Amino acid sequence: MPLNLVARKSLRDNEEHLNKAHEEIKNALNGEEWVIEFDWDVIFDKVDEHVKKQLGEVFYKNLCPNISKCIVNASKDELTKESIINANSAKKIVLIVNEDAKNSAYWKYEFNGGQLNLLFKKGCNNLNDAGNFELHKVIPSEGVFSLAARLNMKENQEKFDTAFERIKGATHMDWSYEQESLEQIYPALEERNKERIGDLFSDIFKYIADNIEKKCKNDTILEAFSEATSNAKIVFRHNAKASGYWNWAFESGNLIITFKSICNISDNANFDFIKVLPVPGVFSLAAKINLKENQEKFDNAFERIKEVTKVDWSYDEQSLEQIYPSLEERNKERIGDLFSEIIKYIADNIVKRCKEDMVLESFLEATSNAKIVFRHNAKANGYWNWSFENNDLVITFKSICNVSDNANFDFIKILPSPGVLTLASRINLRENQEKINESFEKIREVLGNDWTYDESSLEQVYPKLEENNKPRVGDVFAEIIRYISQNIVKRCKDDDMVKEGFVEATQNCKIFFQYVEKQSTYWVWKFEGGNLIVSFKSICNTADNANFNFEALL
């Protein structure tokens, strides 16, 4: 339907506003000439009556300045301007009445088929919406990102650079992110996050930088981190089935950041990547760091052992690596805490027991390598056992439990000792030597000569002793000699004939001990070769020796 006179006059009288809008658009687009196109035959029939009466005022005078305003504002950014020009190859803005009832927007720009369409409701209300429309959100963009996403990335580039500069300061390498990986995860983002991808990932990079800065102050961590990230590149991945919102990994020289959802992004500032950093050898990096943190405690414990033994001690690192896999997971990361404490208790024990010269001498002979070797045996009888093998101190554990047992383990019982007697037995004999001497002194006072016992005879009967009596052989035989002394003193003191006969029968002044399994009584005395022979079938009723009637044998 042709326009009526009123409509034509209205358009003519306001045409200057259309021309001005064309000129403003041309200037904004670097000389590109665009046309705002109205199909009045179609538009006039569809708009409301009040619009028909003032067609020029509505479309030319009031709308066209808003159209040019929208284009001018969008073109202030060079990237947007370039995209607008490329997207509107037809170089025209076509006004189309929006008859879609589901579309409630009064004014809406769309790029379609190489031209820019402006869809509007027939009432032509809220003309300012056409000027304030965010055109960059609908401009087609090359690649995966929308133009809005690209603009948001550009706006945040300085924040990206700042984060990478901080990482460089910590690692001494120039860092970047893999653009392709960000494009790959882009479709997985929620729609509301796509346009603000730059805002989001600038925050993510900030938190990543916080984490790297904080942890890489430790030289050991920095070294391992630098080795694991030789490409100095962050690669993003999306995994909707991941266990946590954010996970870090190290693959092919890159730092891989995997997310389940764009949520809790600050987790990246605290993710404990030390646990997943690959390191050579058996220990995890966390274990290595914990060992290093406790080195002073190790040194202090070994220094205490050195003060007693006068030898530089250490632990066998290979043995610690061998038992490491058997530790519970919670203990692997704190291996330094645990074993510095264990070695402290070991030092407590050695210092305490090696104050005894005999113990120290045997200990030094048994540990000439001055090295502690650790072993794990899940079937061991106790939680902790000590042994001496190949000149090392071997500490075997069933489980990391009751570590203080090492401070009290009686290693004297198992220390190798020359001869038949164990070290514990030798010490017990020495501890009772004064008692034995007192008994022999009482015999000397009566008989007038110095007595002893034959040590080789004690060594011969030693294997026959019950196990509970071997470590206390000194206690046992000091008591036996005391009873023997009482018997001799009692019978020889006031009877010269008995005394004379006893002295004549024991010219060697020596007691020999014998084990006779099948003798009729627990204790039997006899005189042979100038010696007093005391035989037993069991360490029982030792007091019998105080009353044995040896007179009948003289």
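This is a predicted model: local features need pLDDT of at least 70, side-chain atom pairs count only at pLDDT 80 or more; totals for chains, interfaces and linings use all residues.
## Contacts and ground rules

Contact here means heavy atoms within 4.5 Å.

Residues are numbered from 1 along each chain as its sequence is written, and side-chain values use heavy atoms, with hydrogens and water left out.

## Overall shape

The protein's radius of gyration, taken over C-alpha atoms, comes out at 50 Å, whereas a compact globule of 554 residues would sit near 24 Å. That globule rule is 2.2 Å times the number of residues to the power 0.38. Along the principal axes, the C-alpha atoms fill a box of roughly 170 × 45 × 30 Å.

As for secondary structure, there are 24 helices and 16 strands. These are DSSP runs numbered from the N terminus: H or I with at least four residues for helices, E with at least two for strands.

## Surface and charge

Of the 554 residues, 47% count as buried. Buried means under 20% relative accessible area, exposed over 50%, and partly exposed in between, using a 1.4 Å probe and protein chains only. The protein exposes about 27900 Å², and carbon and sulfur atoms supply 44% of that; the areas come from the Shrake-Rupley method with a 1.4 Å probe, and for residues only the protein chains shown count as cover.

On the charge side, you get 71 positive and 89 negative side chains, with the centres of the two sets 4 Å apart. Lys and Arg count as positive, Asp and Glu as negative, and His and the chain ends are not counted. Each charge is placed at NZ of Lys, CZ of Arg, CG of Asp or CD of Glu.

Because 14 of its 20 residues are buried, H23 is largely enclosed by the rest of the structure.

Valine 489 belongs to this helix. Leaving out residues up to four places away in sequence, valine 489 touches Lys442, Ile443 and Val446. Its C-alpha is 7.2 Å from that of lysine 442, 47 residues away along the chain.

## Valine 308 in helix H15

Helix H15 (residues 295-309) holds valine 308, which is buried at 18% relative accessible area. Beyond its neighbours within four places in sequence, valine 308 contacts Ile350, Val351, Cys354 and Leu360. Valine 308 and isoleucine 350 are 42 residues apart along the chain, with 8.0 Å between their C-alpha atoms.

## Strand S15 and lysine 526

Strand S15 (residues 523-528) includes lysine 526, and this lysine counts as partly exposed at 32% relative accessibility. Setting aside residues up to four places away, lysine 526 touches Gln514, Asn531, Leu532, Ile533 and Leu553. Leucine 554 is 28 residues from lysine 526 in sequence and 8.6 Å away, C-alpha to C-alpha.

## Two positive phi angles

Cysteine 124 isn't a glycine, yet its phi is positive, at about 55°. You'll find cysteine 124 in the loop between strand S4 (115-120) and helix H7 (128-132), where it counts as buried at 9% relative accessibility.

Asparagine 541, also not a glycine, has a positive phi of about 50°. Asparagine 541 lies in the segment after strand S16 (531-536) and counts as partly exposed at 41% relative accessibility.
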